[in-house]
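I set aside some time to look through a sheet and its neighbours. My notes follow the model.

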4 protein chains.
Amino acid sequence: MLKTIGVVTPGGDAPGMNAAIRAVTRIAHSRKLQVLGFERGWDGLLTNTYKRLTPRTVGGIIQLGGTMLHTLRCPEFEKAEGVELAAETLELNEVNGLVVIGGDGSFRGALELGRESDTLMVGIPATIDNDVFGTDETVGFDTAVNTAVAAIDKIRDTAISHERVFIVEVMGRKRGFLALEVGIAIGAEVILIPERECKATQIVDVIRENAHKGKRAGIIVAAEGIGDTSKLAKAIAKKTGFEVRLSILGYAQRGGSPTARSRLLASLFAEKAVDLLCEEQGSSLVGLQNGTIASIDLKKSCETQKPLDLRLLKLAEMLAI
Amino acid sequence: MLKTIGVVTPGGDAPGMNAAIRAVTRIAHSRKLQVLGFERGWDGLLTNTYKRLTPRTVGGIIQLGGTMLHTLRCPEFEKAEGVELAAETLELNEVNGLVVIGGDGSFRGALELGRESDTLMVGIPATIDNDVFGTDETVGFDTAVNTAVAAIDKIRDTAISHERVFIVEVMGRKRGFLALEVGIAIGAEVILIPERECKATQIVDVIRENAHKGKRAGIIVAAEGIGDTSKLAKAIAKKTGFEVRLSILGYAQRGGSPTARSRLLASLFAEKAVDLLCEEQGSSLVGLQNGTIASIDLKKSCETQKPLDLRLLKLAEMLAI
Amino acid sequence: MLKTIGVVTPGGDAPGMNAAIRAVTRIAHSRKLQVLGFERGWDGLLTNTYKRLTPRTVGGIIQLGGTMLHTLRCPEFEKAEGVELAAETLELNEVNGLVVIGGDGSFRGALELGRESDTLMVGIPATIDNDVFGTDETVGFDTAVNTAVAAIDKIRDTAISHERVFIVEVMGRKRGFLALEVGIAIGAEVILIPERECKATQIVDVIRENAHKGKRAGIIVAAEGIGDTSKLAKAIAKKTGFEVRLSILGYAQRGGSPTARSRLLASLFAEKAVDLLCEEQGSSLVGLQNGTIASIDLKKSCETQKPLDLRLLKLAEMLAI
Amino acid sequence: MLKTIGVVTPGGDAPGMNAAIRAVTRIAHSRKLQVLGFERGWDGLLTNTYKRLTPRTVGGIIQLGGTMLHTLRCPEFEKAEGVELAAETLELNEVNGLVVIGGDGSFRGALELGRESDTLMVGIPATIDNDVFGTDETVGFDTAVNTAVAAIDKIRDTAISHERVFIVEVMGRKRGFLALEVGIAIGAEVILIPERECKATQIVDVIRENAHKGKRAGIIVAAEGIGDTSKLAKAIAKKTGFEVRLSILGYAQRGGSPTARSRLLASLFAEKAVDLLCEEQGSSLVGLQNGTIASIDLKKSCETQKPLDLRLLKLAEMLAI
């Protein structure tokens, strides 16, 4: 019977992780389960470092960015001995279920660990990249979108005052979820994402056309993963004769107090995660599917690429006329 | 054939209305339609006051709260002659479709007007109350939730420093959607909504129990519609012996720059609204249903009360232990 | 020789108090002094409840609102026996200097305590009211001004959309410092402060004149201390025939992450406070005087009313045309 | 006699410029002067492009970042013929006084223009760099400090969660005013400014010492002007073995809604500027000197380097223990 739950945040931090830790802890506690918070990601499982989490120790954290459990890259865990050692820690502490809060990398780790251990694994998707298959939205995504939007709303002041074109690079090494939503929300002239190639000449055409229409300022939102934005800025400047400025939003997108939505999603996911463990449905990923809290197989999530709705790109173009 | 679209915001303002007006205008324009923005709600239809909206005139407004078309209470429109006069204005300007952006009251007005006119009516739900049947979320709701959450995050500093109980009243004259999401997001000790009675004695029990658990500060989130919160604060203070403070968040919840989500929803709804008009599907309400942009019959929306998921209240209680 | 410093926050909380506690602790520590943080205001001195503060225990608090030392109303301290008991606690712990962070009430307490004790008293002005004589600005004031301004910037969206007059009540039971700066910063049509009477008829004249000029929306910023704003709103509505709405900003003005300026001022004041103690200049108040960090006699500060620059009101009027 | 005032923003934009334009316009208007707003900096003077500014046309802009008059680099103005042409435009429009809002570069332009023209020149210092001699603070500086602080408060979440060192580069090509205030306000471990060399080995020592004290995360705030921060990050990473991340805050620091202080300062400076013109005191710079609104000779301001108070750096070090 389920008695002890572990919680761990092994990957990059995302706003709302603390809200998820709090919710897992309190919901588990209300079901008479105890909760161990392993510290510094997988490293805490290798070194048996944890905090006993109680409703009081997770008080006052719902509004904090980052993760109170800390996180650390852990190369040892990538080897078989590391995974075995982690499995032993789970056994040692009689951890029946482990809630892994993070993204794809964290879930692949959980799958590995699940193979070596009887502990049930449940994932809560929390990453600003929103690139986890099986959920329409990850914890932290909404916060990162709003952080980027607020920054670009400021940049727009300068863009308009100076009548200049700005390229703003947002996070997203492989995927364009963040760039796409940010781009629509700030009314970008062009949105560049790894999922669809866009040649510099196309961008140049848009900028020239806009100038012709009287739109002298412009914002191009580019996902990190599209390549060298600095080169792109120079290329566009050269071809159009306009001044083009580049701003890379950087790490501020990863932190900050979570939005209401990130907190709510974290809480709903946590409830579902504890439910799944109580029902002994391990190797699962909690998710939002068509507006409903649901779950899918963790392995399937790791093996499947999340599709991006390219119709949004179409909409963005129409809105930029 | 559809040639001219009207847009109007007849009710209370909500953040994201401008994003919706911009999107309707630009999408319509890209389909070779012209757009008239009637000013000051129904009054603009009675007095034939409008702006011709073009892609340029709706530039630079996506991030602004309020409504650039203004709004006004219009008692004349509640009489048959008023509705007839508005219908004549639509005919005079050869308006084939009217996009009504607002809440229930605005949509009832649109139904009345639709009965007297050949103009197709499509509604875009935009109200911070989120109380429109047929959509999981209204434009502006996410912004209002975050505004209230940010304010209460500040109040919490004082609550904790002084170890006091605060009652925070959020908007919601009839429904508790806002209070419920805000309450979960700020980690409220108690959430009070019109949909479920909660006696002062129950609240007193929670406060006493919390004090016993070492939680000396507390936030009670109450929807406007639950009754006199000032009386409630006094009653609780009297019964517990604790200091209880009341803060009514007020009109700031209605304004402000829309969140990314409110802007995105506004844009998606606008696209669907223009689609519906192009397909000559009048008397419709655009909405978000299970994560998908959809539509329902406008009359049905007006006649049906939107259900509130009381399981969220249950979750909130579990999270407040 | 100075060896031990105490810190206490006996009054209402203000943003930046934590930054001040941190700075006092670290600066004192760098001078080989130890620091005791008395908890819950004077109550901590009556019950000998304190935390030993070290550079590490005050880490991660510079950005937090409220006070980590908590605060509590303490009627016992208003009696002679209470003050004596507090003095004994100081002696018992060999506290050579006490840094009192707060407003007028806190400083009067410090003076009382100073009469019964050999411990040197130094005050750091920290209150959102900015009503402490001897300093041009108090810690927390800048934050409260910006919080109110951000809220009213949102309310303006609704005011303009609905073309309505709003009265916004900001904190300030006795003084108008907050209302005055907020009023200028948001471009208020009228600013009402306790220091200068303004009749309802004068306000009515301004509103009518504005309507005549084409300014249909308007914001009146009123300090709490001017009387019943609800009555005022009704009176103006009656006389002008316009809709007038009231919004009381409330407790959110007291909390929140301190602005850069509140944090910087807290740090500079703390440095000066420790300096004064090291120089054995007790019974002093630290302050900003003509842009310079300085100090004055604590008693003089308590006995003198801080003047408010009424020329700012004149400027505000000119800016509201 | 003074009849017509011109306003121009020839350099980089800064938050609060619109508040200054509004205040100049309304104060001038209340003194029966008319106001011409020259567009796109000096270019507007070369091409005689201006808006007639009235109390109504500057309504609703106090809270907006950027400059409603736009700005543009104008190489023609750097030649003698350009300056003469601008002088002719002033004469043509009978502009008796010109209010130049900007930084050092703008004021040097004003001096040149003043030599060729009878129009009185008055400068209002508005730049996020705060590097103008003759004023303790420039319009926009406080806003930029707070924008940077808010961003770094977010980055700190990730720094602490990952226990990493972050270098955050803030604006300031030549001077460290921004970096210094931001550094103190966010509690930086190290602050790097052009005014004082700091070797990589010193930074390495601090980081090692901090790790020894248990401070594993750390923020280094660096002014743009200290050199290649990317190289520095790599050097530190190599020498300490720690992961070091770099974040360049970029253009968002230049925009955004001005803080209350930037708006107030803009209004006070504007009043003084119009006063000076009415008193026929041309070739002046308005400024804040020891907490008081004052003025100095514009030429002297341009020729003198503003000193930076290095005691603040000392304080920052003490606060970082």
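I worked on a predicted model, where local features need pLDDT of at least 70, side-chain atom pairs count only at pLDDT 80 or more, and totals for chains, interfaces and linings use all residues. Residues are numbered from 1 along each chain as its sequence is written, while chains are lettered from A and ligands numbered from 1 in the order in which they are written.

**The sheet.** I looked up the strand order and got β3-β2-β1-β4-β5-β10-β11 (chain D), 7 strands in an open, mixed sheet. Strands here are DSSP E runs of at least two residues, helices H or I runs of at least four, numbered from the N terminus; two strands pair if DSSP finds at least two bridges between them. β3 (50–53) and β11 (292–297) of chain D are the edges, each with a single partner strand, so one side of each has no neighbour in the sheet. The twist averages 25 degrees from one strand to the next, with axes fitted to C-alpha atoms and angles from 0 to 180 degrees between N-to-C directions.

**Strand β4(D).** I checked burial next (20 or more other C-beta atoms within 10 Å of a residue's own, C-beta atoms being placed from the backbone). In β4(D), 6 of 6 residues are buried. Gly97(D), Val99(D) and Ile101(D) point one way, and Leu98(D), Val100(D) and Gly102(D) the other.

**Its partners.** I found β1 (residues 4–8) and β4 (residues 97–102) of chain D parallel over 4 bridges, with Val8(D) partnered by Val100(D). β4(D) and β5(D) also run parallel, joined by 6 bridges, and Leu98(D) has Met121(D) as its bridge partner.

How values were computed
A residue is buried if 20 or more other C-beta atoms lie within 10 Å of its own, exposed if 12 or fewer, and partly exposed in between; C-beta atoms are placed from the backbone.
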